[in-house]
Every structure is written in C-alpha cells, then in structure tokens.
Amino acid sequence: MKPIRSLEDAINCCQARGMRLSRQRRLVLELLWQVQEHLSARDIYDRLNQQGKSIGHTSVYQNLEALSRENIIECVERSEGRLYGHISDSHSHINCLDTNQILDIHIELPPELLAQVEQQTGVKITDYQINFYGYRVNPISINEEAKAS
C-alpha cells in the first residue's frame, strides 16, 4: 500500500476504498493535515466548531473511527484517551514530556541493529516503531530542524 503523504492522497485513498467523502469526513481530514499534530476527538470537534464549521460530536467520532480503521489516519492509544494524527504509514514518535506533544519522525535503523534484534529474538523484523521520550532541549521544533538541514 502506497503511503499517504498528503491530504490529496488521503482523499484519494478514501475514494479508492469506497468510503463516502462527506463534508464532515473532509473537514476532519483537512484539519488533521492542517495542524499536523495529534489531537483527541474532543480537540478536533472544538477546533472545527471554533472555525465555524458546524459538526456534531457523533459525526467526529464516527469519522475518526472509520478513517483509522481503514488506516487513512493514525490512532494513538494513550492513558488519557485516543489521539489522532495525519500520518498513517509506519513511523516513530517523540513524546515531549514538557508539552505532552507527540512528534512524528521517520527514522531508519541500521541493518546491523535489526540483524542483532533478529538474532537475539529469532523473529524476522518486517516493520518497527520506536517511542522516544524526553524534554525540549531548545525551542526549535523537529520540523524546523528538518527544514534547516
């Protein structure tokens, strides 16, 4: 399956899977791609309504469940509830302990490390996700750093 890298990809994926692209579904997708952060269903509901885009609680929850079930968006289980993000393909997270933000990062582990894990466990690694935890060292975000390099 081709990774979803844009709002257009997400919309095309919905259509290819026979999902109806209702106004509410489009609003949810547009918001997630606009903010590019992990939000709760309540946050999504609040932000859309603050923008004057009338949408009900039930509609937000139903669309988030449908989109995450089809792997068009990401659903992260947290102790305080589910958070939804725009990236659905395999990636890792940096969990900022200062802000409680989850930052998406695509990293590739060295083949030697994967081979070591496979040797120690007897399991062939086909995919992986890593969760990093830490505090902000400086105010520059990951996205700004990536742009600078």
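The crossing of helix 3 and helix 4 is right-handed. Both helices belong to a predicted model of a protein chain with six helices and five strands.

**Helix 3 against helix 4**

- Helix 3 and helix 4 (residues 57-69) have axes that come within 10 Å and cross at roughly 125°.
- Helix 3 and helix 4 are therefore oblique to each other.
- On the helix 3 side the contact uses A41, R42, I44 and Y45, and on the helix 4 side it uses H57, V60, Y61 and L64.
- Sorted by class, the residues of this contact between helix 3 and helix 4 are six nonpolar, one polar and one charged.

**Helix 2 against helix 3**

- The axes of helix 2 and helix 3 (residues 41-50) lie 11 Å apart, and the two helices pack at an angle of about 95°.
- Helix 2 and helix 3 are therefore roughly perpendicular to each other.
- Helix 2 contributes L27, V28, L31, L32 and V35 to the contact, while helix 3 contributes I44, R47 and L48.
- The contact of helix 2 with helix 3 holds seven nonpolar residues, no polar residues and one charged residue.
- I44 is listed in the contact with helix 2 and also in the contact with helix 4.

**The buried face of helix 3**

- Which residues of helix 3 are buried? They are A41, I44, Y45 and L48.
- Viewed down the axis of helix 3, these buried residues fall within an arc of 100°, so they line one face of the helix.
- An α-helix has 3.6 residues a turn, so residues three or four places apart point the same way.
- The cover over the buried residues of helix 3 includes helix 2, helix 4 and strand 2 (81-85).

**Helix 1 against helix 2**

- Helix 1 (residues 7-16) and helix 2 (residues 23-35) cross at roughly 150°, and their axes come within 10 Å.
- Helix 1 and helix 2 are therefore roughly antiparallel to each other.
- The crossing in which helix 1 passes helix 2 is right-handed.
- From helix 1, L7, A10, I11 and C14 meet R25, R26, L29, E30 and W33 of helix 2.
- The residues of the contact of helix 1 with helix 2 comprise six nonpolar, no polar and three charged.

**The chain as a whole**

- Read from the N terminus, the order of elements in the protein chain is α-α-α-α-β-β-β-β-α-β-α.
- The C-alpha trace of the protein chain spans about 50 × 40 × 35 Å along its principal axes.
- The protein chain has 149 residues, of which 34% count as buried.
- Among contacts in the protein chain with a separation of 6 or more, 46% come from residues 24 or more positions apart.

**E77 in strand 1**

- Strand 1 (residues 74-78) contains E77.
- Is E77 buried or exposed? E77 has a relative accessible area of 54% and is exposed, the cut-off for exposed being over 50%.
- E77 and T99 are 22 residues apart along the chain, and their C-alpha atoms are separated by 17 Å.

Methods: Residues are numbered from 1 along each chain as its sequence is written. This is a predicted model: local features need pLDDT of at least 70, side-chain atom pairs count only at pLDDT 80 or more; totals for chains, interfaces and linings use all residues. Side-chain values use heavy atoms; hydrogens and water are left out. Axes are lines fitted to C-alpha atoms, for helices over the stretch in contact, and angles run from 0 to 180 degrees between N-to-C directions. Helices (H or I, at least four residues) and strands (E, at least two) are DSSP runs, numbered from the N terminus. Angles under 35 degrees count as roughly parallel, over 145 as roughly antiparallel, 65 to 115 as roughly perpendicular and the rest as oblique. A crossing is left-handed if the near helix is turned anticlockwise from the far one by less than a right angle, and right-handed if clockwise. Contact means heavy atoms within 4.5 Å. Ala, Val, Leu, Ile, Met, Phe, Trp, Tyr, Cys and Pro count as nonpolar, Asp, Glu, Lys and Arg as charged, and the others, Gly among them, as polar. Buried means under 20% relative accessible area, exposed over 50%, partly exposed in between (1.4 Å probe, protein chains only). The arc is that of the directions from the helix axis to the C-beta atoms.
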